[in-house]
Amino acid sequence: MYTQLEQRGMSEPPVNVSTLRAMKEKGEPIACLTAYDASYAVLVDSAGTDLVLVGDSLGMVIQGHDTTVPVTVDDVVYHSRTVARGLRRAFLVADMPFMSYASPDQALENAVRLMQEGGAMMIKLEGGAGQIDIVEHLAAHDIPVCAHLGLKPQSVHKIGGFKVQGRDSKKAKEMLGVAKRLQNAGADIVLLECVPNEVGKAITKALAVPVIGIGAGPDVDGQILVLYDILDITQGRTPKFVRNFQADHNSPLDALRAYVKAVRDRSYPSPEHCFS
Ligand code: KIV
C-alpha cells in the first residue's frame, strides 16, 4: 500500500497526443481502458495501456446508477484526480458529464476544472452536429478534445435504450459527415461506440486523428473497454463487445496485460464481439 507508487520506474516516456497520432500513422493499435481510482490506475498503467479514460460510466460501475445521467463534474474531478496519481505513462482523458457542456462557455469552464483540478490531459464529450461550436471553442483555447459518436449513453432517454447506431446507410453517412466536421473543428480523437464494423472502418479511414472504438469492430485505430467489464466485476448481462479477460488469469494485472496484448495483436475484438 505504501510503496506501489514509488516502485514504478519511468521506463518509457509518457504518452501524449503526438504519440497517439504517430501510432495511428504507423498502424499500431492503441490500447485504452477506463479507470476510476489510483490503485486500478497503477495496474492499468503497469499493463501498458496507452490511454486511460475516467468515464462517466463511473455513475454505473462505481455509484450504482442505471445510467450516466446523474454524474456531476465534481464526481469526475474527484475520480480523475485519484487516477492521475496512479499513472506514469498513460494519457489521461476525463469525461464531461451530462449537461456540463450545454454552451461553449460552460464547456470551457468545466473542461478547465477537469484539467486543473482533475489532472486530465484531454476531455471527452458526447458530440454530434450540435456540439461542433463547442469543440471549436475548446480547441481555440487549446483544450484537447475527444469527441464521442455512435451510441451516446448520455442520450439514453432520448434514444430509448442502449442500441447499436448507424445501422442504416443514411445514418452511417451522417455519422461520417459529423465525424469529419468534429475533426475539422479541432477534435484530437474520435471515440465510436456501438456501431457496425463497416462504419468503424469507414470513419477510421476518413479521419487523420485516431479513432478509438468500443463495439466498433476491428478496423479502428484503438480499442477501449470499461475496466470492470473486462475484470468480470460487472454483474449481470454485459454488452456483446465485452470480453472477460479475468477468466483465464490469476491476477487483475495479468488480465489487463492480456487485454493490452490482445488489442496490440488484434486478437480482440473477434467476430463475436462485433456488430455487422
Ligand atoms: O464513460 C465511459 O466509460 C465511456 C466508455 C464507454 C468509452 O465513455
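Which residue forms a salt bridge with Lys-26, and how far apart are the closest N and O atoms? Here are some notes on that and on a few related contacts.

1. **Ground rules.** This is a predicted model, in which local features need pLDDT of at least 70, side-chain atom pairs count only at pLDDT 80 or more, and totals for chains, interfaces and linings use all residues. Residues are numbered from 1 along each chain as its sequence is written, and side-chain values use heavy atoms, with hydrogens and water left out.

2. **The opening pair.** The partner of Lys-26 is Glu-28, and their closest N and O atoms lie 3.8 Å apart. A salt bridge here is a side-chain nitrogen of Lys or Arg within 4 Å of a carboxyl oxygen of Asp or Glu. Lys-26 is exposed at 60% relative accessible area, while Glu-28 is partly exposed at 35%. For these words, buried means under 20% relative accessible area, exposed means over 50%, and partly exposed lies in between (1.4 Å probe, protein chains only).

3. **The overall count.** You will find 11 salt bridges in the structure. As background, side chains of opposite charge can pair when their charged atoms come close.

4. **Arg-113 and Glu-117.** This salt bridge has its closest N and O atoms 2.9 Å apart. Arg-113 is partly exposed, with 24% relative accessible area, and Glu-117 is also partly exposed, at 34%.

5. **A pair within helix H9.** Lys-170 forms a salt bridge with Glu-174, with 3.6 Å between the closest N and O atoms. Both residues sit in helix H9 (residues 169–185), 4 residues apart, or about one turn of the helix. Helices are DSSP runs (H or I, at least four residues), numbered from the N terminus. Lys-170 is exposed at 61% relative accessible area, whereas Glu-174 is partly exposed at 41%.

6. **Cysteines.** The structure holds 0 disulfides, a disulfide being a pair of cysteine sulfur atoms within 2.5 Å. Cys-146 is buried, at 4% relative accessibility, and Cys-274 is buried with a relative accessible area of 8%.

Note on methods
Helices (H or I, at least four residues) and strands (E, at least two) are DSSP runs, numbered from the N terminus.
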